[in-house]
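Hello,

Here is the structure we talked about. Please open it and follow along with the notes below.

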Amino acid sequence: METQTEEFIKLINQSVVIAEQMRSQSGQSQRLNNVISVLQSVKNKVMIGELEPSEGNATLGLAREVADWIEPLDAPLLKAVGAVEAYYQQYF
Amino acid sequence: MKLQSVSVSIGLGILSNLLTVSPSLIFNATQVVAQDLTATCPLPTEIAVTFLDSKCEAVTLKQPQTFYRYYSSNDNKYGRYLTTDKYKTNVDVIRNLALNQAWGNKATIRLKVTLPAGTTVYQGIVAPQTPTSCYPGGGQQTFIQDSKDPNIKWSEGKNLTVKDFSCP
C-alpha cells in the first residue's frame, strides 16, 4: 500500500477512535454514528482505489458536518476530521 | 511599502466616510472591501476548508441581518452554517450548499435566521463535496461561531418544493 494511502487511513482511524469515545459520552450519538459511517466509507473507497480525486478543492464533507454542531468548536474530533480533509485535498 | 500603506489608509478613510453617509450600504460595502484586502480565511483550517479554496471573509454586522438555513428535522434545524441564498427546491439547496445526504439533512424547510448587530460572520462560497457531480457547491456560505447565542432569532420554517434527489 502506498505511503500516502497508509497515512490517510491512519488519520481516518484516529478520527474514528475519537468519535467512538465521544459517542459514549455525548448526546449526539446519531450524528457521531453518521461520522463514523462516512469515515469508514471513505476508508473503504481509498483502499479499493475508488475515492474521487479532490483536485485540490473538493472536500469529503466531514469537517462541514462536524463544524455545524460540535461543542466546543475546538473539539479534538473537528481537528481530526480537519486533518483528514487537509490530507485528502493535498494528496488525492 | 509606505506608499502602499498610505494608499490603504486613505482608501479605508474614504470607505469609512461612505459608510457613515450611506448606512444602507454598510454590509455589502464592507464585504467588497474585505475581499480586496484579504485572500485567506481567518478561521481554523478545519473550518476554512469548508469554503471554496479555503477562502472566506470576516464581517461584523453593523445592524441585524437575516440569513437562511435549510433543514428537514429537529436534528439539523440549528447549526453554524447559514446562507444568504434563497432557494425554491430541496434539490437546489442540496446541490448548491453541498448537503451530502449521508448526513440526513433533506433540506425540505427554509428557516429565517436573524443575527444581532455585532455578530461576526464568515462568508464565502460552498466548497464542492464528493461525489462532486451530486454536490458541486457554489452557493453562498455563512458561518457563525456561536449558533447558541440567545440573541439569534430562529423564525418558523417554510416548506420548500420537494423534488426527487438521487446520487449514484
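B:R110 has B:K158 as its bridge partner, and B:K158 sits in β8(B). Keep in mind that this is a predicted model.

Now widen the view to the strands. β8 of chain B covers residues 158-159. Two bridges join β8(B) to β4(B), and the two strands run antiparallel.

One is strand β7 of chain B, residues 153-154. The pairing of β4(B) with β7(B) is antiparallel too, over two bridges. To find it, look for B:V113: its bridge partner in β7(B) is B:W154.

Another partner of β4(B) is strand β2 of chain B. β2(B) spans residues 65-71, and β4(B) spans residues 109-115. Seven bridges hold this antiparallel pair. For a landmark, take B:Y71, which stands opposite B:I109 of β4(B).

Next, the contact between the chains. How many residues does each chain bring to the contact? Chain A supplies 23 residues, and chain B supplies 23 residues. On the chain B side, two elements give two or more residues: α3 (45-48) and β1 (51-60). α3(B) gives the most, with three residues.

What is the make-up of the chain B side that touches chain A, by nonpolar, polar and charged residues? Ten are nonpolar, nine are polar and four are charged.

On your screen, I would go to β4(B) and its pairing with β2(B), then turn to α3(B) on the side that touches chain A.

Best wishes

Technical notes. Residues numbered from 1 in each chain as written. Chains lettered and ligands numbered in written order. Predicted model: local features only at pLDDT ≥ 70, side-chain atom pairs only at ≥ 80, totals over all residues. Contact = placed C-beta atoms within 7 Å. Helix = DSSP H or I, 4+ residues; strand = E, 2+ residues; numbered from the N terminus. Nonpolar A, V, L, I, M, F, W, Y, C, P; charged D, E, K, R; others polar. Pairing = 2+ DSSP bridges.
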